[in-house]
Amino acid sequence: MAPKDGGEASSKLVLYSYWQSSCAWRIRFALNLKGLSYEYKAVNLAKGEQFTPEFERLNPLHFVPVLVDGDVVVSDSYAILMYLEEKYPQRTLLPADPQLKALNLQVASIISSSIQPLHMLSILKYLEEKVGSEERLLFAQTNIEKGFLALEKLLEDFVGKYATGEEVYMADVFMAPQIAVATERFKIDMSKFPTLSRIYESQRALPEFLAASPERQPDAVH
Amino acid sequence: MAHEEKKLKLYSYWRSSCSCRIRIALNLKGLEYQYIPVNLFKGEQFSPEFQKLNPIGYVPVLVDGDIVISDSFAIFMYLEEKYPQRSLLPSDLQKKALNFQAANIVCSSIQPLQNLAVLKYIEEKVSPDEKIPWAKRHIEKGFDALEKLLKDHAGRYATGDEVFMADLFLAPQLHAGIKRFNVDMAKFPLLSRLNEAYSELPHFQNAMPENQPDAPSA
């Protein structure tokens, strides 16, 4: 997955990322699964680099990840994944069956809309100021657990080795980084979610997932 | 003719902007559907029947024969594929990606931060006075991003001169921002213009909260 040097810079994929961002992790994972090499451009969120005018031009919401593919700039991990699926259809991340496809889209939405936005740093900082650090953690945990409980029920009729069957799909791409963050950062007790735990064991064994993990990124701080 | 059951069923709440997105899509595609109200205010989303349909307890849910689909993005993509008439995604990949981005700004960065559950939390744990400012702040942040994202691409509508996915996600959020949270739209000239454009489209207006079967009568 090492970035290549070469004259054709305009045809190379560029990913703006921050090592600890679970949203960026999703796309690093997807790029690895599709065998796509890319140039890693670090945006130091801790230092506020997302607020530079250059970065704002790339993403007016000031979030990572952002993918640049020649002339095309795509921000938002969900949109990036849909774009990658169409432009680089190898190793497809959405099943053909309509019910399973919809299920993958729904799982990804639960994670990217109902879980992650409620525990992103800016929200937690606000809560810390207004209600204190204990309540802040409780808020994050409550929302994560609510989402995980729903996923647990949603997937029980469809789960296989991975979230929606025997292959890795979009649901797994979104889920694995979310579970990692939930356990490491928010101390979620995964024994409450046996189905998710089992799936996660399969997901975290994937080399594509491991290579995408925060500690292995060029901007990781050890 | 009276016995013909409508094939498509939509579980919806009048005020749910997520449901509104799909109501617009169904209208644009000329798809008839049975409207099944779920009263979120009364907690009907927690009934065992509804939980079986969607364990996270959200509307909209679409039922198409044997297929049950929840989440407006997933439902949208399903409708686009199964009922391709009046396509709601441009074929150009760059423009398509733009539509996905705009839709996600709404459904990941705005709506989840001003939905019923979160507002209730802010009201209870922070203060009742903080509820509206909180909602406004997040809506305005998202609107500001949308203004910038779309400014070089908008035509009569969000991503050109035809109605696409971005418009379906934008219109209900604009409606909520203006009607419920008093967002100052003067700061958002492009979005204001788009809102005007949507107000002239019957397929959009018929989908708006006040026109739904479960809307409280005036």
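## Exercises on a predicted two-chain model

For chain A, UniProt lists residues 97-222 as "domain: GST C-terminal" in an unreviewed entry; such annotations may be inferred rather than shown by experiment. The model is predicted, and local features need pLDDT of at least 70, side-chain atom pairs 80 or more. Residues are numbered from 1 along each chain as its sequence is written.

**Exercise 1.** Determine the helix and strand content of residues 97-222 of chain A.

Solution. Helices are DSSP runs (H or I) of at least four residues, strands (E) of at least two. Over this range the chain is 67% helix and 0% strand. The end C-alpha atoms lie 43 Å apart.

**Exercise 2.** Find the sense in which strands E1 and E2 of chain A pair, and the handedness of the crossover.

Solution. Strands pair if DSSP finds at least two bridges between them. E1 (residues 13-17) and E2 (residues 38-42) of chain A share five bridges in the parallel sense. The chain runs from E1(A) through helix H1 (residues 22-33) to E2(A), a right-handed β-α-β crossover (clockwise from first strand over helix to second, with the strands pointing away from the viewer).

**Exercise 3.** Classify the ring pair Phe76(B) and Phe169(B).

Solution. Rings of Phe, Tyr and Trp (its six-membered ring) pair with centres within 6.5 Å; planes under 30 degrees apart are stacked, over 60 edge-to-face, the rest tilted. Here the centres are 6.3 Å apart and the planes at 80 degrees, so the pair is edge-to-face. Phe76(B) is in helix H3 and Phe169(B) in helix H7 of chain B, 93 residues apart.

Note on methods
Chains lettered and ligands numbered in written order. Heavy atoms only, no water.
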